[in-house]
Amino acid sequence: MSWHVPEEDLRAYARGELAAPALWSADTHLAACARCRSGLGEAADVDRGWERLDAELDAPRPGVFEALLVRAGVADHTARLLAATPVLRRSWLGAVVLVLVLSVAAAHGAPAGQPPTLFLALAPLLPLAGVALSYGPALDPTYEMAVVAPVHGFRLLMIRTVAVLAAGLGLDGLATLALPGYGLRALAWLLPALALTSAGLALTPRFGPVAGPAVAGGAWLGVLAVAEAVREGGPLAPFTAAGQGVAAVVAAAGAGLLFVLRDRFDFSRAGAA
């Protein structure tokens, strides 16, 4: 057989792009020519290889943080959601570090025996602010993608909340290590931080992802103002044993309410969309 289907035509035939009358000739010839049938299989394999290569080249490259999460065993889609969280960027984390450094410096400059009030007051607000900035149409650049993604709204919020809390509480904990002279008193921010975060999240379906945490933060500032007004020496009421007990109750109540209202986070997304 002196004539064979050209290689370009075989590739077009494999892709289903060969037009008549060349298509008719190729059909007739392939039925009788083993060599061209073999070439057709090779052409199809080459095309599939190019398609895979194109897909690899077009795929977005994961950042350092996302790559570390995947290496640690986090699922690809979860790592992508975490990497897109706005407050896990260097600008926000740098601002948090600056606030903590200033509050720790103020504590070291306070008179001997005085509790680190400024640090204890600010530390619970930082995780709360991070949660408020991590989810919602106003501040999250990936919110539109999150709305249409096949992910439960509550699950997305919890994924990002855990990440933000891990970062925020971790930085607060490191700052606490810079106050060794206060002992366990320097950890009095932890339960208020958990209470504010759970309360802010529980208020989110009613007020929104920014206003809900803002209400919780405003309530915290109000409690501190009242405690300062009635204080007669010693630490502020929220940082006493009784105050810590109240914070634990609020944290537990907020977590319970959040679980009860978990389905309303999808309703909030639908309304925002």
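Ala, Val, Leu, Ile, Met, Phe, Trp, Tyr, Cys and Pro count as nonpolar here, Asp, Glu, Lys and Arg as charged, and the others, Gly among them, as polar.

**Before you click**

This is a predicted model, where local features need pLDDT of at least 70, side-chain atom pairs count only at pLDDT 80 or more, and totals for chains, interfaces and linings use all residues. Residues are numbered from 1 along each chain as its sequence is written, and side-chain values use heavy atoms, with hydrogens and water left out.

**The whole chain**

Start with a cartoon view. You'll find 14 helices and zero strands (DSSP runs numbered from the N terminus: H or I of at least four residues for helices, E of at least two for strands). Of the 273 residues, 37% are buried, meaning under 20% relative accessible area with a 1.4 Å probe, protein chains only.

**Colour by confidence**

pLDDT is the predictor's confidence in each residue, from 0 to 100. The protein's mean is 78, with 75% of residues at 70 or more. Select helix H13 (residues 241–260), which has the highest mean pLDDT among the elements, 94. Then jump to helix H14 (residues 264–272), which has the lowest, 53. Over residues 267–273 the pLDDT is below 50, though this stretch has 14 contacts in the model beyond near neighbours in sequence (a contact means heavy atoms within 4.5 Å). Where pLDDT is low, the predicted coordinates should not be read in detail.

**The largest pocket**

Next, select Ala195, Leu196, Trp220, Val223 and Val250, the closest to the centre of the largest pocket among its 13 lining residues. A pocket is an open set of points on a 1 Å grid over the protein atoms alone, where a 1.4 Å probe fits, with protein on both sides within 12 Å along at least five of seven lines; lining residues have an atom within 4 Å of a point. This one holds about 260 Å³ of space. Helix H11 (190–207), helix H12 (211–230) and H13 each give two or more residues to the lining. What kinds of residue make up that lining? Twelve are nonpolar, one is polar and none is charged.

**The second largest pocket**

Last stop: select residues including Met158, Thr161, Leu194, Ser198 and Ala255, which line the second largest pocket. Its space is about 160 Å³. Helix H10 (153–177), H11 and H13 each supply at least two lining residues. Eight of the lining residues are nonpolar, three are polar and none is charged.

Definitions and conventions:
Grid points are joined across faces, edges and corners, and a volume is the space filled by probe spheres set on the points. Buried means under 20% relative accessible area, exposed over 50%, partly exposed in between (1.4 Å probe, protein chains only).
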